[in-house]
Amino acid sequence: MDAQTEPEVPPAPVSEEPFLGPLDIILLTVLIGGAAWYFLKNKKKDTQASQFKSYSIQPTTVNTMTMAENSFIKKLKSSGRRLVVFYGSQTGTAEEFAGRLAKEGLRYQMKGMVADPEECDMEELLSLKDIDKSLAVFCLATYGEGDPTDNCMEFYDWIQNNDVDFSGLNYAVFGLGNKTYEHYNKVGIYVDKRLEELGANRVFELGLGDDDANIEDDFITWKDKFWPAVCDHFGIESSGEDVLMRQYRLLEQPETPAERLYTGEVARLHSLQTQRPPFDAKNPFLAPIKVNRELHKAGDRSCMHIEFDIEGSKMRYEAGDHLAMYPVNDQDLVLRLGKLCNADLDTIFSLINTDTDSSKKHPFPCPTTYRTALTHYLEITALPRTHILKELAEYCSDEKDKEFLRFMCSTNPEGKAKYQEWVQDSCRNIVHVLEDLPSCRPPVDHICELLPRLQPRYYSISSSSKLYPTTVHVTAVLVKYQTKTGRVNNGVATTFLSMKHPLNGEPLPRVPIFIRKSQFRLPAKTETPVIMVGPGTGLAPFRGFIQERDFHKKDGKDIGQTILYFGCRKRAEDYIYEEELEDYAQSGTIKLRTAFSRDQPQKVYVTHLLEEDMDLLWDVIGEKKGHFYICGDAKNMATDVRNILLKVLQSKGNMSESEAVQYIKKMEAQKRYSADVWS
């Protein structure tokens, strides 16, 4: 019957019987007895169980602790801070800038902390407004083809795909990019705009740093206007002069046993001795070098073909990926720096963060020796930024040297110009600075605190795993040049690699590596035509692409047009992989177009060949919807090639300039136009 139509039942008459009858008492006794038996039985079980370690509870405890540790809001509240500076960093520069901003906050009553978005619950940003006069600053680098850095990817995706309410959040953004790349500072620009769209309050205008020019100058110029804007916004005043403070305290540990000492590991102690997968940036694989041969036939430059053995590592790669390698610094430079700092390089020490709330307890793995730190952990060939020079000035016994360093750190145009000329244009690293300022003798532990971390170097993989599943090939030009001061500077990684030669009867030399996945990929369908433009070592990823196409061709698959534009100076000197390329052309795997710029009075580059082949270009990218790839120099070549493509689309595809631009953007979105470039 339907409940709504069910007739109402009248209440039963109330009887005057006693509260509990004999049957009730019997039932109650049975229930109490059963409950008592159950309780005693379980208590006995608990007593037995308590004799053993309860592993089921532990992970919960650990997770809770981790969550608390990763809560930047809790850290801000517990330590009375109002400023949090997040960084998106691939090479360490954005992290360094974030640290400088957080440190300077003390001058402006804005005690700050640095935070890695990857290690934080970024949804906590919604609660930052609950802290009075709080501010979030983002120092964000743009990587690759307009991508966020690895540690910022999750945060970037989150704000991209969620309409969260950031009203009440105060923020500012400083972007780090390079104008030679097409997507200049895309990440910083997007985050700045997106936070405003989501209701956050921009405290100061977006800053854009250009690494192709002088990113240090860009950062200083921005932050010198940023702080007054912050003071004005929150109604606070500067506490006066910048106080130079050490971020880490020195602890010498001579009693540390050898087995507790870091000797070059990236993260886990003994990770290079006891190797276990998965291998990545924090746990590199110590790969044997099976082949290291010279590719140039003559001339005064060197280009190496190196093959790394990855058998047993469980690492996988695809043509177009990158191999990352951890190099070590030149021992001569290490010894010179140690001598300039009057250091015993075998002293065992740790640098311990004075900020107990920081997740970064040490600047690099500790305890270690100064020799190890300067060899494996610090960028001693990096050009020192102004904040380093400012701290070095305090160690000058000659007033002239002190004033000179302070002058280069100043914000006036003359000081900036002097820094550009004396440090950047002259390529002076920390060793050169100390050699040229004999009265400046800083302690080695402070040098270890000031210098940035030694970063892995990335190389386009020049092989296909279809042919070489257990080896990874790279193609690298040896970097060596003379500076304005007459010194010879050597590239850290390529100099290191140039000394790693397999010798008969000796164990193979080993190098710490890992694979970084890329979006630089051949089309899924083998019949899709492709054009590849790769002068010099820009050929590297295309060697892998060609190997793959040839593999499929031999396997009986239909292969679309595969056109390679390669250029170098002289056919007889630096035509790398000549025999291979000519064989592929002979067999019909590729159509090969070569330009040797100095083999005739009039220089010829790949761009000249592309302009000659405008009909071919339109046929592939316009008519056949093929893929177009560029690898190599971002500053000139990549820009010139893109402009030629625009010209092709306008003249052969009858497009307006804006339509041509949109066409290339659409190609990029469809992964039909890809660039793997560097400056």
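1. UniProt positions are given here in the numbering of this structure, with shortened feature names, and such annotations may be inferred rather than shown by experiment. The unreviewed UniProt entry places the feature "binding site" at Arg-301, Thr-537, Ser-597, Arg-598, Lys-603, Val-604, Tyr-605, Val-606, Thr-607 and Asp-640.

2. The model is predicted: local features need pLDDT of at least 70 and side-chain atom pairs count only at pLDDT 80 or more, while totals for chains, interfaces and linings use all residues. Residues are numbered from 1 along each chain as its sequence is written, and side-chain values use heavy atoms, leaving out hydrogens and water.

3. The chain has 22 helices and 23 strands; these are DSSP runs numbered from the N terminus, helices being H or I with at least four residues and strands E with at least two. Of the 679 residues, 50% are buried, where buried means under 20% relative accessible area, exposed over 50%, and partly exposed in between (1.4 Å probe, protein chains only). A contact means heavy atoms within 4.5 Å. Among contacts with a separation of 6 or more, 75% are between residues 24 or more positions apart. The chain exposes about 33800 Å², of which carbon and sulfur atoms supply 52%; accessible areas come from the Shrake-Rupley method with a 1.4 Å probe, and for residues only the protein chains shown count as cover.

4. Arg-598 is found in the loop between strand S21 (591-596) and helix H19 (606-612). Is Arg-598 buried or partly exposed? Its relative accessible area is 42%, so Arg-598 is partly exposed. Setting aside residues up to four places away in sequence, Arg-598 touches Arg-569, Lys-570 and Lys-603.

5. Val-604 lies in the loop between S21 and H19. With a relative accessible area of 25%, Val-604 is partly exposed. Apart from neighbours within four places in sequence, the contacts of Val-604 are Ala-595, Phe-596, Ser-597 and Leu-609.

6. Helix H7 covers residues 215-234. Its 20 residues, at 1.5 Å a residue, should span 28 Å, and the end C-alpha atoms are 28 Å apart, which agrees; the expected span is 1.5 Å times one less than the number of residues. Asn-214 caps the N-terminal end of H7, with a side-chain oxygen 3.2 Å from the backbone nitrogen of Glu-216. Just after the helix, Gly-235 takes a positive phi of about 65°.

7. Which residues of H7 are buried? They are Ile-215, Glu-216, Phe-219, Ile-220, Trp-222, Lys-223, Phe-226, Trp-227, Ala-229, Val-230, Cys-231 and Phe-234. An α-helix has 3.6 residues a turn, so residues three or four places apart point the same way.

8. Ala-172 is in strand S5 (residues 170-177) and counts as buried because its relative accessibility is 0%. Not counting residues up to four places away in sequence, Ala-172 touches Leu-135, Ala-136, Val-137, Phe-138, Phe-204, Trp-222 and Phe-226. Trp-222 and Phe-226 are among the buried residues of H7. The C-alpha atoms of Ala-172 and Glu-205 are separated by 6.9 Å, although the two residues are 33 residues apart along the chain.

9. Ser-271 is in the loop between strand S8 (248-252) and strand S9 (285-294). Ser-271 counts as buried because its relative accessibility is 1%. The side chain of Ser-271 reaches the backbone oxygen of Arg-268 at 3.0 Å. Ser-271 also touches Glu-265 and Asn-283, residues up to four places away in sequence not being counted.

10. Some backbone geometry should be noted. Most residues other than glycine have a negative phi, and most peptide bonds are trans. The peptide bond from Pro-277 to Pro-278 is cis, with omega near 5°, and Pro-278 lies in the loop between S8 and S9. Cys-366 and Pro-367 are also joined by a cis peptide bond, with omega about 0°; Pro-367 lies in the loop between strand S12 (348-353) and strand S13 (368-369).

11. Lys-314, not a glycine, has a positive phi of about 65°. Lys-314 is in the loop between strand S10 (303-309) and strand S11 (322-325) and, at 65% relative accessibility, counts as exposed. Tyr-577, also not a glycine, has a positive phi of about 55°. Tyr-577 lies in the loop between helix H17 (571-574) and helix H18 (578-587) and, at 5% relative accessibility, counts as buried.

Key:
A polar contact is a pair of N or O atoms within 3.5 Å; within protein, one must be able to donate a hydrogen and the other to accept it, and residues adjacent in sequence count only if both atoms are side-chain atoms.
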